[in-house]
Amino acid sequence: MEEVLDTEFRGRRGRLFWMALRFSILNVLTLGLYRFWMKTRLRRYYWSSVRPGGLPLEYTGRPLEKLLGFLIAVTFLAFYIGLVNLVLMFLSLSLLNHDYGAYAISFVGVIPFIFYAAYRRRRYMMARTRWRGLRFGLAPGAWGYAWRAIGHWLLTILTAGLLWPRMTFWLEKYRTDRTHYGNLRLEQTGRWTMLFPAIVPLILGLLFCAAVIVVSIWQEERQVMTGLVLGLPWLVYGLAHYRTVTFRRLTEAKTAGAIGFRAAPRPWRVFRIYMLGTTLIVLAVLAFFSLLGLVLAAFFAGNLDELGVIAELPERLRGLPTWAKAVLALVVYFNAFVFWDVLTHVFLTFPLWRHFAETLQVTGAPALAAVRQRPRDAAQEAEGFAEALDVGAAI
Amino acid sequence: MTAVLRVGAKPEPFRGAGVLLDGTSPVPRPVSLAIDEDGPALILSRPDASDERWPLAALRQLRDQADREEMVLRTAEDDDARLVVREAESRRILAARAPALHRRPPVTGTRRLILWGAAAILSVAAIIWYLVPLMADQLAEYLPPEGERVLGERTLEQIRGALDETGFGLLRLCDDPAGDRALAALTARLTDEAALPYDVTARVLDLDMVNALALPGGIVVLFRGLIEAAETPEEVAAVLAHELGHVAARDPTRMALRTAGSVGVLGLLLGDFAGGTVVLFLTERLIRAEYSRAAEAGADAYAHGLLAEAGLRPSALADMFDRLRAEQAGDGAEPPGFLRHFASHPALGDRIAAARTADAALSGPSRAALAAEDWRALRSICQ
Ligand SMILES: [Zn+2]
């Protein structure tokens, strides 16, 4: 076996587009039930497109086990959320005379569950991921993760974000040290301070934006605000830089016996994907709504020559019977939803996966020969809690 | 290989290659492939180990794979071993010979799925229809008036947002000064005698719907359609008094707290599908039960007392019901929302009768609810 394994990426944007489109429409038609199938099938596609050493990853999760996990989560969470929401609403109204408080606190009420759910989700995904026929695995420890995550978040907030790299490092270490490939345990080495340089562009961007806002308010010069045209992309770059550089450093500091990793994702590339992706998504959604406007105009006017009818469209729509308005609103709403979902896959998730995959290498590959299979992890709750609480990444 | 000579159409001899991942070690093993017609089965042979037989009927291909130039196979029984075939010719022959390449794995654990499905439904039902209402009723008793007021204002905003036709803004609240003064005078006349924990504010929403609502914290909302449908100010006063009955009993506060409790649970069920807002709203409307019959009867009784004390005829409400019912029967149209709401309680006839009987409590002659010019102002409050 070669010493270093490169990672190939074999996904195709066009095929992903049609898959995501078909599944999203089915999802709307089944009132959201198809999402368990949709997630499974899209993951199979994403996983199999990543090929370290020329052999694809495999996702072995099943739709019905996701449904089961979701039902289990709903059974428990319904009690918690129903009662906690009610009590918090009451307390907020009677103590603060405000209900925004209730929304904020009720979010606080589910925070432990959110981290718990995120860990369970990862455990499920690991247990259902294989490479070269061997399973990955993540040892139990969701509550331990939740408490640590809350502690790290508090520290991060109290230090105005300065300790964010520390949180990133320790949470990644918690997860990595519990991760196995077959019977081989991974380990996160390194120190949290090695991530500190990653956050510098973001901090500078924040300082710049703050300076622009303060100066423009102080001097009452509105034009100064145009500095945000530079400042906001700077912030996006700062995030891209942070994500990319922390991923690179953390990955290169992971070991599994004699096996190691090299990662070389580029911050500017990730920044370009973010900016271009969001722009294309917004443009596509705008194009869709303009098209819808034209179709409606044609419908009311009979032909498109009388384009003046677009101006009176709001008036005409108002004149529609209630049921027609409801149907129209639903159609527009669901279309926007489907569009958003599909375009996010095509213009954001897909290029990010491709870039992070293509720049990943496995070193010390001959040591793989000694690894053996690990037992199955039933992970009965699957990712039900994450599904119910809407926790998780794009896929 | 069997040495039997076959007569007639002979399957083409097959020699292929693939990579076996045996499911215990991650080392890929190159294998040569052949088909044993006795079975028939796919034979995987490699120099350093004995042959493996994978029956053709048990071959399954992994679905939704990114690389279409490659076939990843497994057997129906064993979940761990994988055979990766890249050669185009081998893939073509296997696709032609293996009869159940695309068969889905059998569905397992149906029982458990059904049990947990029932548990989830029971849990949600118990929460929404039993525990949340129970707690909401208890908590509503302890909510201070200021808190109720905030809740009412937020609810009004939500209702205005939901009823707005453009879907983006808030439905207009009518605010013609003269009309507002007339409405305030009417409200004051009714509430002067009542001992309510908060100041009552009556507002008119610019919507062509015959309806009226009480919200937490003493906010009463009349719809323009209701004022237009009323023939006398006494009819508006009677509706107002009925809604004040709900205010006095804190019915809307209970309802709003129930909603707060169930919204989170429903959000849980619907997941990220459609962001939830529209579906959430629709579903919420469905489960938002009308007030109970007892609550309606209580509001009626309270209204009768209030009207009699203010020197107004309680039977004005009955007049309005009767007229609306007759109009509706006349043109065969759908009953207006208001009447449908009342009619959904089977005792509508009883309630009309009760309103007429309540006139007896009126000592002395009834007085006009509003002076003629105030009534005109109220009717044009939305202009
Ligand atoms: Zn009522």
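Helices (H or I, at least four residues) and strands (E, at least two) are DSSP runs numbered from the N terminus.

When neighbours within four places in sequence are set aside, Asp251(B) has contacts with His246(B), Tyr291(B) and Ala295(B), a contact being heavy atoms within 4.5 Å.

## Basis of the values

The model is predicted, so that local features need pLDDT of at least 70 and side-chain atom pairs count only at pLDDT 80 or more, whereas totals for chains, interfaces and linings use all residues. Side-chain values use heavy atoms, with hydrogens and water left out, residues are numbered from 1 along each chain as its sequence is written, and chains are lettered from A and ligands numbered from 1 in the order in which they are written.

## Salt bridges within chain B

Over all chains, the structure holds 36 salt bridges; the criterion is a side-chain nitrogen of Lys or Arg within 4 Å of a carboxyl oxygen of Asp or Glu. Arg254(B) pairs with Asp137(B) at an N to O distance of 3.8 Å. Because Arg254(B) lies in helix α7 of chain B and Asp137(B) in helix α2 of chain B, this pair ties together parts that are 117 residues apart in sequence. Arg254(B) also forms a salt bridge with Glu141(B), with the closest N and O atoms 3.2 Å apart. That pair again links helix α7 of chain B to helix α2 of chain B, over 113 residues.

Arg254(B) is buried at 18% relative accessible area, while Asp137(B) at 25% and Glu141(B) at 46% are partly exposed. A further salt bridge joins Asp319(B) and Arg313(B) (3.4 Å, N to O). Asp319(B) is partly exposed, with a relative accessible area of 25%, and Arg313(B) is partly exposed at 29%.

## Interface with chain A

The size of an interface is often given as the accessible area lost when the parts come together. Chain B and chain A bury about 5900 Å² between them, 64% of it on carbon and sulfur atoms; buried area is the accessible area (1.4 Å probe) that two parts lose on being put together, summed over both. In terms of residues, 65 of chain B are in contact with 70 of chain A.

Nine salt bridges are found across this interface. One pair, Asp80(B) and Arg130(A), forms a salt bridge with its closest N and O atoms 2.4 Å apart. On the side of chain B that touches chain A, β7 (82–85), α2 (110–142), α3 (145–163), α7 and α8 (277–287) each supply at least two residues. The element that gives the most is α2(B), with 15 residues. By class, this side has 36 nonpolar, 15 polar and 14 charged residues. Here Ala, Val, Leu, Ile, Met, Phe, Trp, Tyr, Cys and Pro count as nonpolar, Asp, Glu, Lys and Arg as charged, and the others, Gly among them, as polar.

## Annotated segments

The unreviewed UniProt entry places the feature "transmembrane region" at residues 113–132 and 260–283 of chain B. For residues 113–132 of chain B, the end C-alpha atoms lie 26 Å apart, and the span is 100% helix and 0% strand. UniProt positions are given in the numbering used here, feature names are shortened, and annotations may be inferred rather than shown by experiment.

How values were computed. Buried < 20%, exposed > 50% of the residue type's maximum accessible area, 1.4 Å probe, protein only.
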